[in-house]
Amino acid sequence: MSTPGEYYKSLPPVSKTYGVLCLLTTSAYYLKLYNPEVIYLSYSLALKRLQVWRLVTNFFFLAPFSPRFGVHLLMIARYWVLLEKGVFDKRTADFLWMIIFGALSLLVIAAIPPLWSPFMGVSLVFMLVYVWSREVPNAQISIYGVVTIKGFYLPWAFLALDLIFGAPLKPDILGIVAGHLYYFLSVLHPLAGGRNLLKTPLWVHKLVMFWGEGVQVNSPVQPNPSAGVAFRGRSYRLNQ
């Protein structure tokens, strides 16, 4: 059994950073250090009053401390980590670009008034759960120790549970839409003979190299000798 400190150190950098930011955001809210109205998604305030941080900060508030918050934090700790350590092993820049693309897609979707939500973090979390389910469709997943399903059906199982427990379904559905858009453009379209339309931009490679965490095979950017020690992962790939 590893200690909490050892477990924390074993986490891949992008999933760990996002999870910690979500935890800190909710902790600060619990301590009444800020008003959520300062960080929620508002296009009018972002454009008219130049409060552009709202386009980013809304993704870090999952919910107040509650079972729902715990479930989504566990999704990050489980499925984001499996995805980053497995399919995206040694592809930190690609993994980060997937999250950025997902966030941008959700911002575009949220510009449609009926699809707007003040906080899009749950949708972003669900997006990566969907991508994981497509990348590892035959993995055996136990739902609360009651039923075992294949990984492909995991997003739909979570969607059904939210329906049963009366939780909002819109964030889950938007996450599935964004996840399928990413998977279609990055995997299905190239497999059908099309061009990869989501090649990781050079600036993302530079950002990861400047950050000094993670590693990207075949990176077009040379290592930065002044950056920190790269996270090497555990070097295994999930069955696809």
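This is a predicted model: local features need pLDDT of at least 70, side-chain atom pairs count only at pLDDT 80 or more; totals for chains, interfaces and linings use all residues.
Residues are numbered from 1 along each chain as its sequence is written, and side-chain values use heavy atoms, with hydrogens and water left out.

**The core**
- The largest nonpolar core has 56 residues; such a core is a set of buried Ala, Val, Leu, Ile, Met, Phe, Trp, Tyr and Cys residues joined through side-chain atoms within 4.5 Å.
- Buried means under 20% relative accessible area, exposed over 50%, and partly exposed in between (1.4 Å probe, protein chains only).
- Tyr18, Trp80 and Leu154 are among the residues with the most contacts inside this core.
- Helix α6 (92-110) is one of the elements that supply at least two residues each, and α6 gives the most, with 12; helices are DSSP runs (H or I, at least four residues) numbered from the N terminus.
- Leu154 touches Tyr79, Val129, Trp132, Ile141, Ile143 and Ile149, leaving aside residues up to four places away in sequence; a contact means heavy atoms within 4.5 Å.

**The salt bridges**
- The whole structure holds two salt bridges, each a side-chain nitrogen of Lys or Arg within 4 Å of a carboxyl oxygen of Asp or Glu.
- One joins Lys90 and Asp89 (3.7 Å, N to O); Lys90 is partly exposed at 26%, while Asp89 is buried at 11%.
- Another pairs Arg91 with Asp94, with their closest N and O atoms 2.9 Å apart.

**Out on the surface**
- Tyr30, in helix α2, is exposed, with a relative accessible area of 57%.
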